[in-house]
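Thanks for coming, everyone. Please look at the model on the screen while I talk.

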Amino acid sequence: MARYFDVKRQTGFATIAIVTFVLLYLPIAILVIYAFNEGESLANWEGFSLRWFVAAANNDAVKQAAWRSLVIAAFAATFATIAATMAALATTRTRRYRGLTFKYAMINQPLMVPEIVTAVALLIVFSQVKVWTGYSGLGYLILAHTAFCIPFAYLPVRARLENMDLALESAAADLYATPWKTFRRITLPLLQPGIVAGFMLAFVISLDDVVITEFVKSGGQDTLPTYMLGQLRRVITPEVNAIATLFLALSVLIVTAFFFINRQKA
Amino acid sequence: MPEPLRVNERRVAVEARNISKVFGTGEHALRALDDVSVGIAENEFFTLLGPSGCGKTTLLRLIAGFEFPTSGAILLGGEDIATLPPYKRPVNTVFQSYALFPHLTVAQNVSFGLEMLGKPRGEIEARVAEMLKLMRMEQLANRRTDQISGGQAQRVALARALAPAPKVLLLDEPLSALDYKLRKEMQLELKRMQAETGITFIFVTHDQEEALTMSDRVAVMSAGKILQVGSPRDIYDRPAERFVADFIGETNYLAGTVQGVDGGRAEVLLKTGGRISASYSEGMTPSGEVTLVVRPEHARAVEGAADLSGAVEDIVYFGTDTHIHTRLDDGSAFTVRQQNSRNAVLPFARGDRIGIVVGDDAAQVLRD
Ligand SMILES: Nc1ncnc2c1ncn2[C@@H]1O[C@H](COP(=O)(O)OP(=O)(O)OP(=O)(O)O)[C@@H](O)[C@H]1O
Ligand SMILES: [Mg+2]
């Protein structure tokens with residue numbers, strides 16, 4: 001047998017692993033279980049029921065917040081993916097040069113700047129803009145979400161591009177394809193899995209956002225997460241659990257779909 | 001100085017005129033090609049041969065249009081194409097990495113160029129079928145390109161580049177990724193393809209044997225310059241420069257002084273004693289101290305005195321031939337290669353003094 005450092009054999013490994021998994025999954029499991037509680041309590045099990053799901057489905061505020069979340073995520077993920085794809089093309093289709101690392105850092109800014117800082121900054125800027133323009137619609141949220149989704153859309157597209165042989169584009173040009181045809185027929189189809197992955201990642205990240213949304217939204221612009229946050233400050237009923245459970249199911253669905261699409265096309 | 005429009009009585013397909021290519025600027029500037037001029041005839045199998053980094057790929061990329069020359073002109077059928085983008089040049093490339101489109105089938109790869117040219121559907125299908133037949137790949141038409149072997153990928157790359165019937169086909173070390181046996185097969189295949197299609201092939205290799213066996217003419221390159229252009233025989237028998245002689249085959253060098261020049265031949269008094277007559281390349285007038293080259297198989301070892309004399313240092317048997325390593329009287333080494341036969345036994349052994357006959361027209365004066 002080869003002798004190598006096997007972390008699994010170290011004392012404490014099993015304990016740490018178990019504690020970690022318990023911390024990760026137990027609270028979620030409890031949340032999901034109590035979504036099906038008959039009673040109003042989050043602590044006492046009073047039998048199985050779907051009443052809180054029904055309540056959530058009949059709650060107009062929930063439906064509106066959910067719809068708003070989906071609209072914002074759809075627009076933001078689309079814009080972010082377009083911007084990220086262009087950025088990825090620009091930063092990989094070039095020789096390494098001084099300042100390129102700086103550009104990567106610029107593009108990935110939202111990953112490094114604390115979200116609360118961006119949130120406060122946007123709040124200040126947008127409140128001015130609202131005064132000037134008089135516009136106070138969903139545009140601000142879409143814009144803010146687009147910005148912080150860009151790095152998430154950028155990373156998979158760039159990874160895909162970096163694995164793509166540049167000679168393929170040369171070969172297309174050599175075979176009489178104009179730059180646009182080369183992009184349409186060669187680059188884009190080969191990039192597609194990266195673009196789909198980037199879009200889905202951006203979509204989920206946008207759906208999930210609380211901090212920036214909370215600061216940027218105007219009155220009556222709750223998304224599902226900020227709506228839930230608002231509810232928690234008042235009476236807590238398993239309705240929140242039911243909403244969270246649906247939300248979880250949606251996220252898992254998207255991420256799973258993304259995983260399969262990616263594997264198929266790889 | 002305009003180049004002649006014909007090479008060996010054939011029309012010129014591609015011509016590079018005083019091409020220089022500099023990468024980078026300032027202290028990082030790198031002169032990848034330095035005032036290169038060469039004409040390549042229609043229907044010619046032309047090879048660029050040289051060590052790694054000498055600029056072979058750069059010259060191909062300039063012809064294909066992936067790079068633009070720093071100075072000079074590239075003429076295709078007499079027209080300057082130096083500023084045309086690659087997709088407007090009737091030139092196709094077989095890439096070293098093949099660069100087959102992974103999301104397309106074999107047949108779709110082959111049809112790509114024809115589609116981009118906007119050929120009618122029926123014509124494309126007929127042409128693709130014809131190319132696949134030429135490559136003996138009919139069964140693989142609908143395979144994905146990651147489901148075929150290296151040799152097959154090579155053939156698809158060739159079919160894809162030949163399908164639009166380019167004026168010139170560029171091949172950048174297309175065989176270097178193949179194993180020895182497949183390589184030999186593909187060498188023959190490429191020759192056959194070139195003969196059948198009549199397309200000008202510009203072939204890049206750093207394998208001298210490949211260059212000699214496949215080419216109509218070879219250009220030997222070093223450090224961004226073309227040192228010599230000629231038929232494989234020319235290049236081998238009459239290397240113009242030490243680099244060419246060294247790069248191709250084994251070589252003996254003889255130092256001497258020119259005594260006189262007459263009718264394309266120089267009389268040279270050798271440093272080791274003896275006189276021989278040597279040829280020299282056009283355009284030079286040998287004088288003073290010169291170096292001659294003699295290929296080992298163009299000399300013969302004999303008993304007694306001859307053009308040269310020396311002591312046998314080693315005799316190495318190779319099956320088809322024997323290498324006799326000698327030390328000449330001036331201290332330089334000289335190797336003779338002699339064909340073996342069943343009953344001939346060498347009449348001398350290590351340590352014996354022997355004579356060496358340099359064949360008629362075996363010695364060549366090097367430039368510089
Ligand atoms: N785009 C580029 N930028 C900078 N330098 C380059 C570029 N392309 C080539 N070079 C340099 O130009 C020189 C010639 O390169 P080239 O690729 O033509 O060599 P080659 O003869 O094809 O070598 P090989 O046999 O290794 O393929 C090399 O020194 C190389 O580093
Ligand atoms: Mg090369």
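One salt bridge is counted between chain A and chain B. The term means a side-chain nitrogen of Lys or Arg within 4 Å of a carboxyl oxygen of Asp or Glu. Which side chains meet in that salt bridge? They are A:Arg185 and B:Glu115, at 3.0 Å, N to O.

A word on ground rules. This is a predicted model, where local features need pLDDT of at least 70 and side-chain atom pairs count only at pLDDT 80 or more, while totals for chains, interfaces and linings use all residues. Residues are numbered from 1 along each chain as its sequence is written, chains are lettered from A and ligands numbered from 1 in the order in which they are written, and side-chain values use heavy atoms, with hydrogens and water left out.

Back to the interface. Six residue pairs across chain A and chain B are in polar contact, both residues at pLDDT 80 or more. That takes a pair of N or O atoms within 3.5 Å; within protein, one must be able to donate a hydrogen and the other to accept it, and residues adjacent in sequence count only if both atoms are side-chain atoms.

Helices here are DSSP runs (H or I, at least four residues), and strands are runs of E, at least two, numbered from the N terminus.

Together the chains bury about 1,900 Å², 68% of it on carbon and sulfur atoms. Buried area is the accessible area (1.4 Å probe) that two parts lose on being put together, summed over both. A:Asp174, A:Leu175 and A:Tyr176 supply 42% of what chain A buries against chain B, more than any other three residues.

Now chain A as a whole. Its secondary structure is 12 helices and zero strands. Along its principal axes, the C-alpha trace of chain A spans about 70 × 70 × 30 Å.
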